[in-house]
Every structure is written in C-alpha cells, then in structure tokens.
Amino acid sequence: MKYVLLILLIAVSVKSGFAQQAHSVNQAIHYIKLANTLREVNKSEESISLLKRALPAVESKSLYWEAATNELLGLSYKDLEEYELAIPYLELARSQYAKLKYVASAWGVNEVIRQISGKNVYAGIQIGANEVKLAILKTQYESDFYEKDIRSVINVPDLSLMANASTSLQKGQIALKTCLDSIQRYNIPNERVFIVFSSEVTTGRKLSQTDKDRLYDQLASVLPKGANLRIDTTLTTAREAELFTIGAIPRKVWPTTSALNIGLNTIMCGYFDKGVSPMAKSFNYNSSPIGINTVLDQIDAEKFTDLNAFKQEAQRIIEAIADSSLVPALDGLRHRRTVGVGGAIALALVTYLHPEKILTTAVPITLADVELFKQRALNDYSALIQPNLNYITDRDIRDKAEIDVRSVQNQLTQKQLIVGALLLEATFRSYADAPTAKRFVFIRNSDIGWVTGKFLETINYEYESTIAKGSLYTR
C-alpha cells in the first residue's frame with residue numbers, strides 16, 4: 001500500500017511542482033534523476049515529460065547531461081515500444097558519448113539501438129543434398145563476444161537434390177522460396193542473409209560439375225531480382241567443420257571442448273587452440289568418410305532384406321571400422337575434457353530418451369544413454385520412436401516435445417536409426433582410451449551450427465577490428 005501511495009505522490013509531483021521548464025543545469029539534473037526513477041516504476045510517459053523539460057537547460061551547456069537526457073528519452077520511448085521515436089534520441093546520445101570519449105556509455109547505447117532496430121537479427125539458409133534448412137538467429141553480447149540466440153528453425157527434408165530429378169529441383173525451389181518468405185516476415189536486411197550449399201553438395205561426387213552448375217542455376221532463379229543475394233558454393237569440408245565449431249560451441253569453453261559431428265556421410269571432429277581471437281584463431285580439424293548413409297550403402301549392396309540379417313551385418317561392419325576412423329587423429333583432441341556432439345543421430349537420442357529437455361541447449365549424454373538407445377533401436381524400435389510424454393506436466397514443453405518427436409521420426413528411417421545408434425556407440429567408445437575422461441554434451445541446433453558460425457565469426461571479427469582501431473562498432 002505504501003508503495004502505491006509513493007507512486008501516486010511522485011506522479012502528482014510531476015504534474016505540479018515539475019510542470020515548468022528547468023531554469024538551470026542543477027534543476028535539470030534533478031529532473032533527469034527523477035525521470036530515471038519514474039522509469040523504474042513504470043511511469044515512462046511522466047519520465048518523458050520531465051526529460052523534455054530538462055533538455056533545453058542542458059543543451060549547449062553540458063554535453064554529458066545532454067547525452068544522458070537523450071539516452072533516457074530513447075529508453076523511455078523504448079519502454080513504451082515506440083521504437084521509431086526512441087532510435088533518433090539513442091543515436092544522438094551515442095554520438096554525444098563518442099565525442100566525450102565515454103566508450104562504455106556509447107557502446108551500451110549502441111547495443112540498445114542494435115536490439116530495437118533489428119540490427120542483431122540474421123538468417124542463414126543451408127542447402128544440403130537431402131534438405132533445406134533455415135535458421136533465424138539473434139546475436140547477443142556475452143563474455144566479451146557475441147553469442148547466438150536461435151529464434152526459429154525451418155527444416156524441409158526429403159528433397160533428394162543429389163538425385164538430379166526435375167521434381168526434386170522443383171521441391172528445392174519451393175523450399176528455398178518458403179525460407180525467403182519466412183525471412184521477409186522478420187524484416188531482415190539482405191546483407192544479413194547467408195545462403196550456402198553444404199560441403200556434401202559442393203565437394204560430393206554424386207553430381208558432376210555440370211549437374212552442380214545446373215542445380216545452382218535452378219535454385220538461384222528463385223532469388224529476388226536485384227536483391228544482392230547469392231548462393232555461396234565455396235564451402236569445403238574443413239571450412240564447414242570450423243564454422244560448425246564456432247556456431248555450436250560457446251567461445252568461453254573452447255579451451256576445454258572439442259566438436260564432434262556424426263553425419264550422414266562423414267564423422268567430423270575439431271577444436272580451437274587456446275588463447276585465440278576471431279582475428280587470429282587456429283582450428284584443428286579432421287574427418288572420416290564414414291557416416292550413417294555410407295555404412296547403409298555397404299549393407300544395401302549385399303541386399304539384406306531381412307531385418308535381423310540387416311542388424312547383424314550392420315554390427316559386423318561397424319565393429320570392423322578402426323577406432324582411428326571413428327575418431328580421426330588430432331594432437332590435442334585426446335586432452336579436451338568435453339565433447340560437444342551434433343548430428344541427426346545424437347538429436348534422435350536426446351529427443352526420444354529425454355523429451356523433457358526439449359528447451360535445454362546443452363544436454364549431457366552418458367554411455368548408459370547410448371547403450372539404452374542402441375538396445376531399443378535394435379530390439380524395441382516402435383517404443384523408442386514413440387516415447388511416453390504424459391509425465392511432462394508443463395503443457396508447452398510437452399507440445400514442443402511432440403513436434404520434435406514427429407520431426408525426428410521424419411528425418412531417420414528405421415535402418416538409418418539402427419546404423420546411427422551403432423555408429424554413435426562405437427564412436428563414443430573410441431574416446432575411451434584418451435588420457436582425459438570425456439564428458440559428452442549434445443548441442444541443440446548444432447545441425448545449423450556452421451550457418452550461425454558464419455555470422456558469429458563475421459560479427460565478432462567486425463567488433464574486434466573496430467574496437468582495435470579505437471572506434472565504436474555501429475554496424
């Protein structure tokens with residue numbers, strides 16, 4: 001009750017004693033300080049009224065208090081979600097702080113401008129051999145670097161673009177157009193949109209260069225005319241692995257963490273050396289041409305139609321794969337304590353065994369989890385892919401888990417799941433002889449990690465380069 005009365009007294013005082021213009025800098029400072037207090041008690045309109053009465057008294061007399069007034073005016077309009085009115089005041093405050101060489105104040109105001117003007121929202125479209133994915137992400141400043149905040153992911157599977165069929169190409173065009181339409185709804189500038197062929201398309205051997213050029217022409221025809229958008233066709237496997245690590249592994253844990261991606265056609269691992277920066281980083285990488293589909297191709301070549309015979313052959317082939325192929329040799333890999341894991345099969349394990357963790361970004365995976373996952377894939381497939389979600393009491397979490405379960409069901413066939421579970425177990429166990437005990441952590445949304453990595457790398461490079469020059473990062 002006392003709190004409510006206090007707010008009423010403040011509101012009355014604003015309308016009476018503070019109704020006139022400030023006649024001196026000292027009186028203006030009183031108004032400015034009270035306006036800041038009013039913002040804290042959700043009285044932003046009254047705050048704006050006071051600040052506008054204070055502004056004439058500090059203009060051309062105190063650049064600092066003029067900047068502070070403009071900043072608070074911008075923040076007050078931001079509180080009211082009147083962003084078009086907020087941004088001019090904030091931009092003026094930013095330039096005034098910069099003139100004063102108050103770098104921290106200018107930087108803080110700039111981050112607010114980036115937030116409310118959409119300058120920290122990006123989009124990446126990943127065109128793979130069998131799917132098109134869109135990631136909408138928002139960058140946020142954290143631990144001296146920008147980190148990602150995934151806002152939306154759209155996955156269009158089962159395109160079979162590598163098949164080079166006209167119907168597949170048409171599906172690819174529709175999928176790309178769907179992604180571009182989604183980006184428009186976020187009002188993301190074209191310079192913050194990245195479209196790329198994955199390395200399995202650019203370096204894969206299933207299509208000739210002529211067919212790859214044809215695929216590019218067909219998809220590029222969907223891009224808006226004059227929009228300055230293009231499809232990047234230069235991504236190599238090594239570069240994709242580096243960007244995957246940047247996008248999937250938080251920078252603050254790079255010194256102790258390696259990245260592992262068990263994909264459809266390759267197993268990739270890599271890590272960054274300690275003490276690196278975006279401008280001078282050293283990435284260590286290796287990969288093996290072993291994946292779920294490559295193993296599956298070997299089994300299908302033998303025409304195993306009986307499921308039990310298929311399971312036995314899958315186990316035989318994976319047992320015969322050397323540990324050095326599952327975990328390619330890297331000098332520092334054995335000493336990294338944590339392994340950040342990505343790939344469709346790791347996603348399937350977490351989705352089916354731990355659906356309640358659907359909102360958790362980093363989910364630990366134990367060897368017991370992997371063993372249980374493998375046994376259910378081999379012996380109880382129907383129960384595995386239809387987990388009981390009734391124990392999840394939060395309705396929003398349960399609904400999200402249901403969506404993800406259906407998505408994973410559509411991504412992997414029964415045979416892919418069996419091979420993937422066996423491959424996952426074999427890979428995890430291949431780390432067992434390392435001198436440092438490993439902790440495996442599934443990184444959610446790591447399947448678009450290298451798309452987000454492209455933007456994190458770009459924005460952190462721009463930020464560090466600008467700061468190194470003594471300038472303010474305003475892009």
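The model is a predicted one. Helix 1, residues 2-15, has the lowest mean pLDDT among the elements of the protein chain, at 49. Helix 15, residues 367-379, has the highest, at 96. For the protein chain, the mean pLDDT is 81. Of its residues, 83% reach 70 or more.

Turn next to the sheet. Six strands build an open sheet, and their order is 8-7-6-9-11-10. The pairing is mixed. Strand 8 (283-288) and strand 10 (362-365) are the edge strands, each pairing on one side only. On average, neighbouring strands of this sheet are turned by 25 degrees against each other, direction ignored. Strands of a sheet pair through backbone hydrogen bonds, either parallel or antiparallel. Strand 6 (residues 257-262) and strand 9 (residues 338-342) run parallel. Five bridges join them.

Now the packing. In soluble globular proteins, nonpolar side chains tend to be buried together. Here the largest nonpolar core has 53 residues. Leu-260, Tyr-352, Phe-373, Leu-417 and Val-419 have the most contacts inside it. Helix 18 (residues 414-430) supplies the largest share of this core, with nine residues. A second core is separate and has 31 residues, including Ala-28, Ala-35, Ala-93 and Tyr-97.

Phe-373 deserves a look of its own. Which residues is Phe-373 in contact with, leaving aside neighbours within four places in sequence? They are Ile-345, Ala-348, Leu-349, Tyr-352, Leu-353, Leu-384, Leu-417, Ala-421 and Leu-424. Tyr-352 and Leu-417 are also among the core residues with the most contacts.

Is Ser-198 buried or exposed? Its relative accessibility is 3%, so Ser-198 counts as buried; the cut-off for buried is under 20%. Residues up to four places away in sequence not counted, Ser-198 touches Ile-127, Gly-128, Ala-129, Leu-235, Glu-240 and Trp-450. Take Ala-129 from that list. Ser-198 and Ala-129 are 69 residues apart along the chain, yet 7.8 Å separates their C-alpha atoms.

Key. Residues numbered from 1 in each chain as written. Predicted model: local features only at pLDDT ≥ 70, side-chain atom pairs only at ≥ 80, totals over all residues. Heavy atoms only, no water. Core = buried A, V, L, I, M, F, W, Y, C linked by side-chain atoms within 4.5 Å. Buried < 20%, exposed > 50% of the residue type's maximum accessible area, 1.4 Å probe, protein only. Helix = DSSP H or I, 4+ residues; strand = E, 2+ residues; numbered from the N terminus. Contact = heavy atoms within 4.5 Å. pLDDT = per-residue confidence, 0-100. Pairing = 2+ DSSP bridges. Axes fitted to C-alpha atoms, helices over the stretch in contact; angles between N-to-C directions.
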